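Student: I have a structure to go through. Can you walk me through how it packs?

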Amino acid sequence: MVFGFSLLIENAFALIVLIFLLAITLLWPAIRHESDRHLQKDRHPFTITRVKKSKIQYDLLDLDANSQKEFNRLLQGRNVQAHINFTIGNKSGESANHRILFVLFDEVLVGGIQGFNGDRKKHFFQLLINSFVMNGEALKENTLKTSFSSWKNDQEKINSRNQRKFIHHMLGKE
């Protein structure tokens, strides 16, 4: 307006383009920030090693189609939307096998889980409780604590080595 109305009309297209570029320049960082914030809410606090989905043998884990989808979400570092029904039994046949689950996460989490203690172990147990059910039953924190301690102490036994071989085979890491 300072230079006159006729100059504004002559350069209207350039002015519109400049206003559009200014709007994009201001909006882009805001959109990016909100997107990153939204994605972080959906993630769990653990780093997952790279596992090829095509090599995973879901039939060995006895996961149904929905549980497979949710398991893949976990492997992508995201929280599940529905519980994964973990059904691999233990020797007594009375409940699902926590130890296989521990070996599985020891293999897929960067650095494993054997060194977890304090808050890190508490967050791990919460991830398991939020993500899995055992034969349709909710996981109990006290059972996880007991099973985890027992599992850590038994790592050199043959049964533990066989479980690790089973998980390697299931993940296609052979």
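Tutor: Start with a helix on the sheet: H6 lies across E1 and E2 and runs at about 70° to E2. Keep in mind that this is a predicted model.

Student: OK. What's the strand order in that open sheet?

Tutor: The open sheet has three strands in the order E1-E2-E3, and the pairing is mixed. E1 and strand E3 (137-138) are at the edges with a single partner strand each, so one side of each has no neighbour in the sheet.

Student: And which way do E2 and E3 run, parallel or antiparallel?

Tutor: E2 and E3 run antiparallel, joined by two bridges. Met134 sits opposite Glu137 in E3.

Student: Which strands does H4 touch?

Tutor: H4 packs on the sheet and touches E1 and E2, with its direction at about 105° to that of E1.

Student: While we're on H4, is Ser67 buried or exposed?

Tutor: Ser67, which is in helix H4, has 3% relative accessibility, and because buried means under 20%, Ser67 counts as buried.

Student: What does Ser67 touch?

Tutor: Leaving out residues up to four places away in sequence, Ser67 touches His83, Ile84 and Asn85.

Student: Switching topic. How many residues are in the largest nonpolar core?

Tutor: That core has 38 residues, and those with the most contacts inside it include Phe71, Phe102, Phe105 and Phe132. Among the elements that each supply at least two of its residues are helix H4 (65-75), strand E1 (84-86), helix H5 (98-108), helix H6 (118-131) and strand E2 (132-134).

Student: Which element gives the largest share of this core?

Tutor: H5, with seven residues.

Student: What does Phe105 touch?

Tutor: Not counting residues up to four places away in sequence, Phe105 touches Leu74, Ile113, Phe124, Leu127, Leu128 and Phe132.

Student: Why would side chains like that be buried together?

Tutor: In soluble globular proteins, nonpolar side chains tend to be buried together.

Student: Back to H5. At what angle do H5 and H7 pack?

Tutor: They pack at about 70°, with their axes 10 Å apart. H5 and H7 are therefore roughly perpendicular to each other, and H5 passes H7 in a right-handed crossing.

Student: Which residues make the contact?

Tutor: From H5, the contact uses His98, Arg99, Phe102, Val103 and Asp106. H7 brings Thr143, Leu144, Ser147, Phe148, Ser150 and Trp151. One of these, Phe102, is also among the residues with the most contacts inside the largest nonpolar core.

Key:
Residues numbered from 1 in each chain as written. Predicted model: local features only at pLDDT ≥ 70, side-chain atom pairs only at ≥ 80, totals over all residues. Heavy atoms only, no water. Core = buried A, V, L, I, M, F, W, Y, C linked by side-chain atoms within 4.5 Å. Buried < 20%, exposed > 50% of the residue type's maximum accessible area, 1.4 Å probe, protein only. Helix = DSSP H or I, 4+ residues; strand = E, 2+ residues; numbered from the N terminus. Contact = heavy atoms within 4.5 Å. Pairing = 2+ DSSP bridges. Axes fitted to C-alpha atoms, helices over the stretch in contact; angles between N-to-C directions. Parallel < 35°, antiparallel > 145°, perpendicular 65-115°, else oblique. Left-handed = near helix turned anticlockwise from the far one by under 90°.
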